Amino acid sequence: MSRLLLINDIPGASKVAANTNLPVLTTMGLETALLPTMILSSHMGYQPVIQALTDSFALSLNHIKKLNFHYEAMFTGYFAQENQIDTVLSKHQDLADRLYLDPIMGDGGHLYTSFDYNFVQKMRKLVGQAQMIFPNLTEASLLTQQAFKARPSESDLLSLSDALLDLGCQQVVITGVLNQNHSQIGFYYRDQTRARGKYYFHNYYPQPLYGTGDLAASLITGFSENQYGPDQALRLTSQLMDTIINYSLSHPGQQANTLAFEPFLVQMGQLAKEGHYGS
């Protein structure tokens with residue numbers, strides 16, 4: 001069983017961030033510890049009450065290190081402050097063998113208003129230490145200082161992924177990539193072999209759903225830590241994303257525009273077990 005240290009915000013009543021990461025990763029057989037970067041009453045779309053974790057974040061990570069806890073993997077998502085990135089930069093190689101990084105910074109071509117250019121620069125350094133990163137198109141553009149394009153060509157994606165790999169990460173999964181006729185959406189994958197990129201698409205549904213990026217990054221990480229290669233991990237993730245999104249749209253829950261992934265947790269666990277044990 002792989003052990004994983006999850007670093008992300010806890011969004012209270014909303015099914016995003018750690019509230020998605022944690023059930024998916026644990027169901028997929030990872031012994032998952034959680035270190036929050038921020039606690040919110042809901043996600044940002046609902047103007048939540050926010051409790052920032054400033055000094056306590058560094059103190060907590062230092063304490064984990066003093067306990068000699070070691071993890072096969074670390075997954076990082078939303079950082080509330082750039083000094084939290086500094087803390088991870090200085091500690092993660094002592095705590096974990098592999099880093100999976102969701103560089104949450106922006107969307108729709110814009111950097112989130114709570115961040116600035118210094119934050120992007122810190123994230124670039126963390127990208128350089130990652131095994132696998134999951135930027136959306138906005139984040140890929142910010143990290144590489146290239147112009148944002150909502151509908152990038154294959155040449156654009158090649159340029160973005162090359163620049164991301166130049167930062168030092170081993171594998172790049174650019175999310176939110178549409179196919180030519182905009183009927184499908186998914187992932188563009190490349191690694192340090194610099195081979196031609198691969199696309200992994202599922203059906204595109206125009207209605208927005210919160211947490212799709214969190215779910216996709218969790219699934220890819222879970223499959224990867226259960227000894228699936230990147231091609232299998234991304235194919236299975238695309239298939240599950242399509243099934244879960246379609247189900248969520250036809251079975252709305254109490255929270256609007258959220259993913260109903262819970263009925264599929266057993267399936268996620270079974271697939272992860274098949275990869276780990278080769279059955």
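Author: Helices (H or I, at least four residues) and strands (E, at least two) are DSSP runs, numbered from the N terminus. In that scheme methionine 268 lies in helix H9, which covers residues 265–277. The model is a predicted one, in which local features need pLDDT of at least 70 and side-chain atom pairs count only at pLDDT 80 or more, while totals for chains, interfaces and linings use all residues. Residues are numbered from 1 along each chain as its sequence is written, and side-chain values use heavy atoms, with hydrogens and water left out.

Methionine 268 has a relative accessible area of 0% and is therefore buried, a word that here means under 20% relative accessible area, with exposed meaning over 50% and partly exposed anything in between (1.4 Å probe, protein chains only). If its neighbours within four places in sequence are left aside, methionine 268 is in contact (heavy atoms within 4.5 Å) with Val24, Thr27, Met28, Leu215, Leu219, Leu240, Ile244 and Phe261. The C-alpha atom of methionine 268 is also separated by 9.5 Å from that of leucine 236, although the two residues are 32 apart along the chain.

In general, two packed helices are described by the angle between their axes and the distance between the axes. For H7 (residues 212–225) and H8 (residues 230–250), the axes come within 9 Å and cross at roughly 145 degrees, where axes are lines fitted to C-alpha atoms, for helices over the stretch in contact, and angles run from 0 to 180 degrees between N-to-C directions. The crossing of H7 past H8 is right-handed; a crossing is right-handed if the near helix is turned clockwise from the far one by less than a right angle, and left-handed if anticlockwise. By class, the contact of H7 with H8 has 12 nonpolar, three polar and no charged residues, counting Ala, Val, Leu, Ile, Met, Phe, Trp, Tyr, Cys and Pro as nonpolar, Asp, Glu, Lys and Arg as charged, and the others, Gly among them, as polar.

Methionine 1 and methionine 28 are 27 residues apart in sequence and 9.9 Å apart in space, C-alpha to C-alpha. Methionine 1 belongs to the segment before E1, and its relative accessible area is 66%, so it counts as exposed.

Alanine 17 is found in the loop between E1 and helix H1 (18–27). Most residues other than glycine have a negative phi, whereas alanine 17 has a positive phi of about 50 degrees although it is not a glycine. With a relative accessible area of 5%, alanine 17 is buried. Asparagine 68, in the loop between H2 and E4, likewise has a positive phi, near 60 degrees, but asparagine 68 is exposed, because its relative accessible area is 67%.
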